Amino acid sequence: MNFPPRGARLGVALLLLGAAQRGPAAEPGNTAATNNTMTIADVRQLLRAVPLIDGHNDVPWQFRKRTNDNINGIDLRSDTRQLHPPMVTDIPRLRAGGVGGQFWSVYIPATLTGSLAVRAVIEQIDVVHQMVAKYPDTFELALTANDIERIHHQGKIASLIGMEGGHSIDNSLAILRMTYALGARYMTLTHTKTLDWVDSANDEPRHHGLSPFGEEVVREMNRLGMLVDLSHVSADAMRAAIRVSQAPVIFSHSSARGVCDDPRNVPDDVLQLIPANGGIVMITFLPQYLTERARAHALLKKAERSRLEQLFPEVPEKVRAELTAWDTAHPLAHPATLNDVADHIDHVRAVCGINHLGLGGDYEGFEGPPEGLEDVSCYPALLAELSRRGYTADDLKKVAGQNLLRVLRQAEAVAKRLQTGRKIGE
Ligand SMILES: [Zn+2]
């Protein structure tokens with residue numbers, strides 16, 4: 001019962017077979033793919049020419065949780081594995097991973113609402129500005145696709161800001177515009193809660209996707225040149241946003257529902273809409289969105305948490321202790337591996353094609369990464385596995401960052417067109 005029915009698995013197998021037929025082997029110059037398999041060292045070389053741009057990393061949240069946003073409380077030049085609990089991101093490992101661009105998530109919990117949410121998101125944006133100021137030899141704030149390429153050529157990591165959750169703007173287009181002015185270049189429309197204008201994948205729907213104001217938010221994001229991020233939203237909201245958006249959309253950290261049937265993942269019928277829209281799905285590494293066994297385990301743990309919270313409503317430390325005991329009593333060996341991530345990439349390629357893929361690890365946003373992708377130094381191992389599966393060097397460049405650069409450029413062009421054609425408020 002932990003696995004999809006045979007029919008579903010057969011469907012995936014047929015899709016992948018289709019990919020193989022019209023994928024790498026069918027492309028000219030790729031007939032000897034097995035002889036051209038790239039090593040991790042080859043991939044690192046490739047990432048000097050093309051930036052690897054990850055869609056989602058929660059380091060700013062780690063600052064908030066661990067240091068109350070004190071930028072000196074974590075030294076990113078040191079080995080952050082030594083911290084308690086350990087982190088998976090630091091500058092030496094970003095360098096080892098060939099990371100050339102990073103969307104730093106300015107996540108705030110969905111429980112924050114109103115002006116408290118606005119205050120928190122501005123404080124998290126400030127963390128990214130402080131990180132960039134503190135490590136100027138490593139990071140530089142990137143606001144455009146050209147910025148990303150220039151900063152990468154200078155040997156630094158282009159640092160972008162991604163907002164996670166439309167509760168950050170408190171139903172205000174003015175606040176949306178001001179977060180753009182502060183550097184935010186995408187907004188995930190929801191996190192785990194349905195908002196006044198958009199449905200979440202993890203909550204009861206109220207709008208069949210987007211309300212009229214939700215459509216207005218998407219149009220204003222298009223006008224600004226802020227990417228519309230559809231991770232975390234309901235499938236209906238994905239469809240509605242793709243219908244409304246004039247610019248390509250992104251999924252900054254999502255995987256494929258055809259491989260792991262979690263509502264946080266992208267269903268095949270939505271994947272089929274992506275090529276016409278021009279957007280990308282940046283595959284995420286969170287095990288419960290990768291494999292059915294990890295998903296089933298996460299559901300059991302969630303049920304246990306709810307039970308404990310009802311039993312001990314006033315004693316959160318008791319709930320935590322009991323959950324730790326539950327973890328020990330219910331170990332899950334091998335929740336997911338690097339190969340599972342590659343399977344999701346294969347699947348999205350089979351449905352959408354190579355031009356609609358990217359990577360969005362969600363590092364620092366969860367515990368227990370897949371085997372082989374333990375931290376931010378591991379991207380080259382994933383790309384080497386794709387090479388082993390027949391992806392060409394050009395394919396790898398697209399997955400690593402060229403697709404994201406194309407999407408951002410298209411969004412910038414749409415914004416330019418809309419801004420010349422329409423004034424604010426018209
Ligand atoms: Zn997230």
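Predicted model: local features only at pLDDT ≥ 70, side-chain atom pairs only at ≥ 80, totals over all residues.
Start with the domains. The protein chain has two parts in the assignment: domain 1 covers 38–291 + 335–421, and domain 2 covers 292–333. Their C-alpha centres are 28 Å apart. Where they touch, eight residues of domain 1 are in contact with seven residues of domain 2. On the domain 1 side, that set consists of five nonpolar, two polar and one charged residues.

Next, the core. In soluble globular proteins, nonpolar side chains tend to be buried together. Here the largest nonpolar core holds 113 residues. Which of them touch the most other members? Those are Ala241, Val281 and Val348. Take alanine 241 as an example. Setting aside neighbours within four places in sequence, alanine 241 contacts Leu189, Leu210, Val218, Val228, Leu230 and Val249.

Now the helix. Please look at α15, residues 379–388. Eight of its ten residues are buried, so the helix is largely enclosed by the rest of the structure. The buried ones are Tyr379, Pro380, Leu382, Leu383, Ala384, Glu385, Leu386 and Ser387.

What do these buried residues pack against? Among the helices, the partners are α2 (40–49), α14 (338–352) and α16 (393–421). Among the strands, they are β1 (52–57), β2 (99–105) and β9 (357–359).

One last point on the backbone. Just after α15 comes glycine 390, with a positive phi of about 105 degrees.

Note on methods:
Residues numbered from 1 in each chain as written. Domains from an automatic or database assignment. Contact = placed C-beta atoms within 7 Å. Nonpolar A, V, L, I, M, F, W, Y, C, P; charged D, E, K, R; others polar. Core = buried A, V, L, I, M, F, W, Y, C linked by C-beta atoms within 7 Å. Buried ≥ 20, exposed ≤ 12 C-beta atoms within 10 Å, placed from the backbone. Helix = DSSP H or I, 4+ residues; strand = E, 2+ residues; numbered from the N terminus.
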